[in-house]
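The following paragraphs lead through one structure, from its overall build to selected residues. Please keep the sequence and the coordinates at hand while reading.

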Amino acid sequence: MSPAPLLEIEDLKVHFDTDEGVVKAVDGVSLAVHEGEMLGVVGESGSGKSVANLTILGLTRAANATITGRITFEGEDLLQIGEDELQRIRGNGISMIFQDPLSALHPFFKVGAQLIEAIQVHQDVSDSAARAHAVELLELVGIPDAARRMGEYPHEFSGGMRQRVMIAMALTNDPKLLIADEPTTALDVTTQAQILRLIERLRRELGMAVILITHDLGVIAEVADRVMVMYAGEVVESGSLDQIFYDPQHPYTWGLLGSLTRVDQPRLARLAQIAGQPPSLINPPSGCHFRNRCPHEFAKCTEHPELEQRGGEGGHRDRCWLAAERKREVRVVASTGAIGLEAPKEPAP
Amino acid sequence: MARYIVRRLLWAFLMLIAVSGVVFVLFYVFPSADPAQLRAGRQANEDQIQAIRESLGLDKSVLEQFWIYIKGVFTPFDLPGTDATGPLYFGHSYQSNADVKDVIFSDLPATALLVFGAVIVWMAIAIPTGIISAIRQRSLLDRTTMVTTLVFISAPVFWLGLVALYLFAQDVGIIPIFPGIGSYADADSFPAKCASMILPWLVLAAATAAIYARYLRSQMIDVMQEDYIRTARAKGLPERRVIAKHVLRSAITPIVTLLGLDVAVLLAGNAILTETVFNIPGVGAETFNAIKRSDLPMIQGITLFGAFFIVTLNLVVDIVYAYLDPRVRYE
């Protein structure tokens, strides 16, 4: 077995008590991230991927939240330690970047001041040393004329440049783990590619592990080592990048793959979509949570499947009752877009 | 920025002329009674009234009157046949025959002491209350505070003033700890004047402190939902710093705007109730007396004066706001 993982989450549950009932945002998630590894977490809105990752840094702690399980980082259970100790880890051992870099930076403070603050909260250095380090970081993430731009406000930066600032801020204290929550979603396509390449380059150069959260499998295909697919607060499939892309086991993964634009397939008039709505997290369907949207539902699906190795091989696990041979038969159609109600249309002229 | 300020100053000047026009129409064209008659008093005969009418220029055409009035208000102009000098000549009081401008300037220190003291009191109450309520949202403390503020917002100033006097004034109070009615006029030193203002400050500040506390609370609760506050926490900042620096900096900005306008309105004589209840010889009390006696030049002078304050402080607030919120840049 490989050495102990950098971060290990075991059976994490995050439930929120609301007026409508208990929202099971995360319901029994386990994962491990090793040093220097990039883990992709995929799922649609409300699948629990963001909540799970915010919980790592204790950012979902609230009066109405019940959090159970274990999150071990460098030998410490992050769910057990107090707010003070968490503050020591936030932005230091583990950093985070977010979806919308405009709203994630404080509009009233200069970019330089925000970077310097991030440095000085964890390091006892002088203002001038912190400033010099901040300029270095801005240069590292590819911001031209970094020294001058330190004195500008976030609204004076473009979207891509703002996300670079966020990344620089996350790197201030050489984190072992970077959690990137939809870092490219708010950016245009060319900028997305640049930011992804930047994160990939920094991971290699700095040797940090990355958890990349996204709803877009295309983003993950470029950079992840391993992939975890989340649905309704649970992991429904996990495996290496190749396993997920070339041997997907769960119909939900097929649906995600089918909804990608692909250059090696005839262009469809419309992209395939997964029929139906994401399930309620208060009252998810009994048994397999995906079954009411799944075209391959059968009697067994009323039982709740565990995440285990079924049709896949070498640590490739999923939560689908379909027999391995049956999966291979039906998914060919599925991954070209025939899942759900949307049948393939005429190829575009 | 400099160009913006110059342009705003020009606009402010035009605005003041427009306001002057409105005030002129109100007081010269549609007066509620014949100004000459008011000026002459009850026992005057027809000839005396006619003489006064001529001396006030009321027999001239409306346009001519407007011209003389504007000259008096805006230019260093000696009105023929009087000792009056512009600018800021609003006429002489019918009651005391004093130059209105001099009366207002002599009233202003009392009002300024009342208003600025009250500002300090209400900010000192509102800011901590708002912050604590926001971070302890829905706690017993928060709920108690919110109910209390509602009571103060709903309580009329004249009632609150009388209750305060009844409870705490040295002349009539049950627990006589603060100087009471009319003590401002008798106070001869600055500390004594301040002491005499304690009750008026509290009474004037009560409702505003409550409004500001509630406003700051709701602003802070909004700001705490912002992504950049999550970023601040994710950086590892202590919660105290997140609140005191990141949340408060955003939440306080609209409060500063509000403050500028509230101060302007109060300086312009809107502390009328507090000044009347506590018998403070300020602009508000002067307004009250002038209205009671139909002292048209006095009312007109105070109205214009108030408009000056509001237009000026509006300009100041807009400029300060540009410094507070870097996203706002005036071209």
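**Overall build of chain A**

Chain A contains 11 helices and 12 strands. Its radius of gyration is 21 Å, close to the 20 Å that the globule rule gives for 349 residues, so chain A is as compact as a globular protein of that length. The C-alpha trace of chain A spans about 65 × 55 × 45 Å along its principal axes. Of the 349 residues in chain A, 46% are buried. Contacts between residues at least 6 apart in sequence are in 66% of cases contacts between residues at least 24 apart.

Chain A has a mean pLDDT of 87, with 91% of its residues at 70 or more. Over residues 337–349 of chain A, however, the pLDDT is below 50, although this stretch has 34 contacts in the model beyond near neighbours in sequence. Where pLDDT is low, predicted coordinates should not be read in detail.

Strands of a sheet pair through backbone hydrogen bonds, in either a parallel or an antiparallel sense. One open sheet of chain A has four strands in the order 2-1-4-5, with antiparallel pairing. Its edges are strand 2 (21–33) and strand 5 (76–77) of chain A, each of which pairs on one side only. Within this sheet, strand 1 (residues 7–18) of chain A pairs with strand 2 of chain A over 10 bridges in the antiparallel sense. A hairpin of two residues connects strand 1 of chain A to strand 2 of chain A.

Strand 3 (residues 38–42) of chain A belongs to a parallel arrangement. Five bridges join strand 3 of chain A to strand 8 (residues 209–214) of chain A, and the two run parallel; here A:M38 has A:V210 as its bridge partner. Strand 3 of chain A also runs parallel to strand 9 (residues 226–231) of chain A, joined by four bridges, and A:G40 stands opposite A:V227 in strand 9 of chain A.

Is strand 3 of chain A enclosed or open to the outside? Five of its five residues are buried, so strand 3 of chain A is largely enclosed by the rest of the structure. Both of its faces are covered, with A:M38, A:G40 and A:V42 buried on one side and A:L39 and A:V41 buried on the other.

In soluble globular proteins, nonpolar side chains tend to be buried together. The largest nonpolar core here has 163 residues, of which A:L177, A:I211, A:V229 and B:A205 touch the most other members. Helix 9 (residues 190–224) of chain B gives the most to this core, namely 15 residues. Not counting residues up to four places away in sequence, A:I211 touches A:V33, A:L39, A:V41, A:N53, A:L177, A:I179 and A:A180.

The two chains also meet through a set of contacts: 23 residues of chain A are in contact with 18 residues of chain B. On the side of chain A that touches chain B, helix 2 (residues 83–89) of chain A supplies the largest share, three residues. By class, that side of chain A has 12 nonpolar, seven polar and four charged residues.

A:P305 lies in the loop between helix 10 (251–258) and strand 11 (308–309) of chain A. A:P305 is buried, because 21 other C-beta atoms lie within 10 Å, and beyond its neighbours within four places in sequence it is in contact with A:C288, A:R319, A:C320 and A:W321.

Most residues other than glycine have a negative phi. A:E74, in the loop between strand 4 (65–73) and strand 5 of chain A, has a positive phi near 50°; with 13 C-beta neighbours inside 10 Å, A:E74 counts as partly exposed. B:R138, in the loop between helix 5 (100–135) and helix 6 (140–154) of chain B, has a positive phi of about 70°, and with 10 C-beta neighbours inside 10 Å B:R138 counts as exposed.

How values were computed
Residues numbered from 1 in each chain as written. Chains lettered and ligands numbered in written order. Predicted model: local features only at pLDDT ≥ 70, side-chain atom pairs only at ≥ 80, totals over all residues. Pairing = 2+ DSSP bridges. Rg over C-alpha atoms; globule rule 2.2 N^0.38 Å. Buried ≥ 20, exposed ≤ 12 C-beta atoms within 10 Å, placed from the backbone. Contact = placed C-beta atoms within 7 Å. Nonpolar A, V, L, I, M, F, W, Y, C, P; charged D, E, K, R; others polar. Core = buried A, V, L, I, M, F, W, Y, C linked by C-beta atoms within 7 Å. pLDDT = per-residue confidence, 0-100.
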